[in-house]
Amino acid sequence: MAQAAFEELVEDFEFLEDWEDRYRLVIELGKAMDPLPDALKVPATKVEGCASQVWLHPRIEDGRFHFDGDSDAMIVRGLIAVLLRLYDGVPVTGIAAIDARSELGRLGLNEHLSAQRSNGLRAMVERIRETAGAA
């Protein structure tokens, strides 16, 4: 079951008929995120497998998964913002139950991202799942 914030995003995407408008929304979500402090942009937080530079800084608080992230590419920052709506605040034990491919498919991302962006998105999801599984 997706987070309420993700459900709101699904509704926003359904309202926007044109993919270009949806793409702009993803970019705007990325622009609205706070930047990750440079001190957290270290090899341990860098996500390999992404064409652009991507950092995810996960943390577990009161049994819930939280993370911050950043990228040097605006669309990827937006994808991080989408993942925040899907995963942030979920109980750690519930992370593995989220079918990211299916949930992101509801946004049409599977059909509209380049192969490189899709690979990077999968790498970010895998990092989230690995981190939650190790907690």
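Predicted model: local features only at pLDDT ≥ 70, side-chain atom pairs only at ≥ 80, totals over all residues.
**Entry 1: the core**

I started with the inside. The largest nonpolar core has 41 residues. I listed the ones with the most contacts inside it: Phe67, Val82, Leu83, Tyr87, Leu104, Leu107 and Met124. Next I looked up where the core residues come from. Helices H1 (4–15), H2 (19–32), H3 (74–87), H4 (100–105) and H6 (115–134) each give at least two, and so do strands E1 (54–61) and E2 (64–71). Which element supplies the largest share? H3 does, with ten residues.

Setting aside residues up to four places away in sequence, I found Tyr87 touching Phe65, Phe67, Ile95, Ile98, Ala100, Val125 and Ile128. Phe67, like Tyr87, is on my list of core residues with the most contacts.

**Entry 2: H2 against H3**

I checked how H3 meets H2. Their axes come within 7 Å and cross at roughly 80°. That falls in the 65 to 115 degree range, so I wrote H2 down as roughly perpendicular to H3. From H2, the contact uses Tyr23, Val26, Ile27, Leu29, Gly30 and Lys31. From H3, I noted Met74, Ile75, Arg77, Gly78, Leu79, Ala81, Val82 and Arg85. Sorted by class, this contact has nine nonpolar, two polar and three charged residues.

**Entry 3: H1 against H3**

The H1 and H3 axes are 6 Å apart, and the helices pack at an angle of about 130°. H1 and H3 are therefore oblique to each other. Ala5, Phe6 and Leu9 of H1 meet Val82, Arg85 and Leu86 of H3. By class I get five nonpolar, no polar and one charged residues for the contact of H1 with H3. Val82 and Arg85 are also in the H3 list for the contact with H2.

**Entry 4: salt bridges**

How many salt bridges does the structure hold? It holds nine. I went through three of them.

Arg77 pairs with Asp70, the closest N and O atoms being 2.3 Å apart. Are Arg77 and Asp70 buried or exposed? Both are buried.

Arg59 forms a salt bridge with Glu61, with 3.0 Å between the closest N and O atoms. Arg59 is partly exposed at a relative accessible area of 28%. Glu61 is partly exposed too, at 39%.

Glu28 forms a salt bridge with Lys31, and here the closest N and O atoms are 3.7 Å apart. Both residues lie in helix H2, three residues apart, about one turn of the helix. I noted Glu28 as partly exposed because its relative accessibility is 46%, between the 20% and 50% cut-offs.

**Entry 5: Leu40**

Last stop was a loop residue. Where is Leu40 placed? I found Leu40 in the loop between H2 and E1. Leu40 is partly exposed, with a relative accessible area of 25%. Leaving out neighbours within four places in sequence, Leu40 is in contact with Thr45, Trp55 and His57. I also checked Leu40 against Asp68: they are 28 residues apart in sequence and 9.6 Å apart in space, C-alpha to C-alpha.

Technical notes: Residues numbered from 1 in each chain as written. Heavy atoms only, no water. Core = buried A, V, L, I, M, F, W, Y, C linked by side-chain atoms within 4.5 Å. Buried < 20%, exposed > 50% of the residue type's maximum accessible area, 1.4 Å probe, protein only. Helix = DSSP H or I, 4+ residues; strand = E, 2+ residues; numbered from the N terminus. Contact = heavy atoms within 4.5 Å. Salt bridge = Lys/Arg side-chain N within 4 Å of Asp/Glu carboxyl O. Axes fitted to C-alpha atoms, helices over the stretch in contact; angles between N-to-C directions. Parallel < 35°, antiparallel > 145°, perpendicular 65-115°, else oblique. Nonpolar A, V, L, I, M, F, W, Y, C, P; charged D, E, K, R; others polar.
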